[in-house]
Amino acid sequence: MESSSSSSTAPALCLLVVLLVLALVPSGGDARPPPLRLAGGARHMAFDEGYTQIFGEGNLALLRDGRRVHLSLDESTGAGFASQDLFLHGFFSAAIKLPADYAAGVVVAFYLSNGDTYEKTHDELDFEFLGNVRGREWRVQTNVYGNGSTAAGREERYDLPFDPTDGFHHYSILWTRHRIIFYVDETPIREVVRMAAMGPAFPSKPMSLYATIWDGSAWATLGGRYRVNYKYAPFVAEFGDLVLHGCAIDPVDHSATASCGGDAGYEEAAAMPTAQRAAMAAFRRGHMSYSYCHDRRRYPVALSECALPGAAASASRLFGPDGMKYDGRHRRPRRSRDASS
């Protein structure tokens with residue numbers, strides 16, 4: 001009797017072990033869902049496991065056995081690296097520490113793009129850090145392009161509620177067939193849901209992951225008012241906890257690799273519980289400084305996804321016609337005596 005029980009239990013135990021091993025084995029082309037705690041649970045890669053330098057020879061340095069990357073900007077050049085593979089959907093993350101001291105005009109970017117492959121119909125998902133002036137918050141901008149829709153950029157900007165030069169913070173992008181979510185330190189800050197009216201403006205072609213630092217003096221800090229001052233160079237951005245967790249695509253024929261089994265797992269991870277959705281709403285309410293959905297100078301007719309039901313419509317009163325949020329530096333214009341009467 002005991003012998004029979006042992007023999008029937010052994011296959012079940014073996015199956016359990018196999019499932020546990022499969023759950024723990026990471027792969028750049030693995031289509032399994034990311035862990036529940038996305039940035040904290042995904043496997044961190046060394047640089048040589050999934051990335052390559054794309055420009056700035058001498059301005060990219062690898063530390064800690066390739067698990068920490070320094071990109072620097074000086075008067076000669078910036079620097080950048082990219083993933084070795086293209087990906088169709090997945091979870092992409094890095095811990096980033098931004099340049100300290102005066103960094104006006106310096107742009108640090110962490111983004112997905114296929115501009116090298118689709119020159120006029122490219123897709124893109126951006127985190128862009130827009131430099132800073134002492135005493136002001138660092139601002140981060142997110143953007144979404146699909147099918148070369150650069151004339152209809154979907155920018156949002158946020159004042160970071162911490163000093164991103166003091167230590168590392170995680171910035172992550174979850175991209176699925178039906179939605180895109182941007183995260184800062186595990187908190188979702190933006191969700192883009194695919195709508196029929198968006199058509200090809202929703203990114204849907206394989207993309208590579210990029211990280212760069214460069215001179216954006218013409219526009220980055222307060223519209224170009226403050227430019228890069230190379231007296232403070234080199235400006236160094238540090239990257240760690242690198243994560244590529246997606247469906248790898250063959251760069252030649254753009255077919256999915258054998259390990260891709262669809263992105264149902266990513267869709268499951270993108271289904272935000274109530275607490276996460278509340279955290280996202282709080283972040284946006286407290287820290288968003290610009291929204292394309294409120295920019296009536298650029299878009300007299302709002303883009304299709306910018307319908308503002310209920311509370312969102314009420315919140316729109318906090319934004320000016322240029323899409324900037326009213327605050328201590330951007331005041332709501334007073335009505336004239338005639339207008340008020």
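Arg284 and Glu156 form a salt bridge, with their closest N and O atoms 2.8 Å apart; the term means a side-chain nitrogen of Lys or Arg within 4 Å of a carboxyl oxygen of Asp or Glu. This pair links distant parts of the chain, 128 residues apart, with Arg284 in helix H5 and Glu156 in strand S9. Helices (H or I, at least four residues) and strands (E, at least two) are DSSP runs, numbered from the N terminus.

Before I go on: this is a predicted model, where local features need pLDDT of at least 70, side-chain atom pairs count only at pLDDT 80 or more, and totals for chains, interfaces and linings use all residues. Residues are numbered from 1 along each chain as its sequence is written, and side-chain values use heavy atoms, leaving out hydrogens and water.

Back to Glu156. Arg190 also forms a salt bridge with Glu156, and here the closest N and O atoms are 3.6 Å apart. Arg190 lies in strand S12 (residues 187-193) and Glu156 in strand S9, so this pair ties together parts 34 residues apart in sequence.

How exposed are these residues? Buried means under 20% relative accessible area, exposed over 50%, and partly exposed in between, with a 1.4 Å probe and protein chains only. Glu156 is buried at 4%, Arg190 counts as buried at 2%, and Arg284 counts as partly exposed at 25%.

One further pair: Arg154 forms a salt bridge with Glu305, the closest N and O atoms being 2.4 Å apart. Arg154 sits in the loop between S8 and S9, and Glu305 in the loop between S15 and helix H6 (310-315), so they tie together parts 151 residues apart in sequence. Both Arg154 and Glu305 are buried.
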